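Okay, thanks everyone, let's get going.

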Amino acid sequence: VLVVWNRYGHYDIYARQFERRGARVIVAENGYLGADNDGRQHYALALTHHNGGGVWPADDGSRWRSLGVGLKPWCLSGEHVLICPQRGIGPDKYRQHEAWPKDVAERLARQTQRPVRIRPHPGNWQKQCTTEELLESLKRDLERCWCVVTWASGAGIHALIAGVPVIYEGPWWILGQAASRDIAAVEAPPLPERAPAFERLACAQWTVSEIESG
């Protein structure tokens, strides 16, 4: 068994080498929802890939319910479209290309007359802010937001919790079941049932004590 932190650079090379020999690869990363109500940080774990591209066990939804995260009703009165890019890391076929934010902004301009904003990925400036400040910044950007368009960003997770529809364009995403893949749907984004997707997400992240216990 090989355990790697995400699958970029030499980690992806090692992962492919192990997989060719029939070994299992566990991909770890920061958890999708941050710390729980008790302040315990979660870490994502899945076989083969991160952020929805891998395999992990599921339950009956009890783990998600235990987290106490309330999903707000869908927001149907927003104004602007918010683009939330990635950092551009991960396996070759997965990571976002550098020109994607500008490209998707141009495509959106052909589909809607709404203002389109690009939110820089916090990986470019987060060292200057605390986690609380970053979340407050995202909360402000999501105010009066009609729709979020992302490659496969964690910001989209917070958008769906806040009731803001999401369109994603990555090969896969942890909450793809609750989002759309069609830019042309920006004026009428689908509003699917979100709970099943969040129930799956909750089973893909664990605390250190849970990992230690097996």
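Predicted model: local features only at pLDDT ≥ 70, side-chain atom pairs only at ≥ 80, totals over all residues.

Let me start with Tyr94 and Trp172. Their ring centres are 4.9 Å apart and the planes sit at 15°, and since anything under 30 degrees counts as stacked, that's what we call this pair.

Where do these two come from in the chain? Tyr94 is in the loop between strand S4 (80–84) and helix H3 (100–109), while Trp172 is in the loop between strand S7 (166–168) and helix H6 (195–202). That's 78 residues apart, so the pair links distant parts of the chain. As for accessibility, Tyr94 has a relative accessible area of 8%, which makes it buried. Trp172 comes out at 22%, so we call that one partly exposed.

Next up, Trp100 and Trp151. Here the geometry is edge-to-face, with 6.0 Å from centre to centre and 75° between the planes. Trp100 lies in helix H3, and Trp151 is in the loop between strand S6 (145–150) and helix H5 (154–161). The pair therefore ties together parts that are 51 residues apart in sequence. Buried or exposed, these two? Both tryptophans, Trp100 and Trp151, are buried.

Arg63 has its charged end over the ring of Trp206, 3.9 Å from the ring centre. Then there's Arg114, whose charged end sits over the Trp146 ring, at 3.9 Å from its centre.

That's my tour, happy to take questions.

Note on methods:
Residues numbered from 1 in each chain as written. Heavy atoms only, no water. Phe/Tyr/Trp six-rings, centres within 6.5 Å; stacked < 30°, edge-to-face > 60°. Helix = DSSP H or I, 4+ residues; strand = E, 2+ residues; numbered from the N terminus. Buried < 20%, exposed > 50% of the residue type's maximum accessible area, 1.4 Å probe, protein only. Lys NZ or Arg CZ within 6 Å of the ring centre and 35° of its normal.
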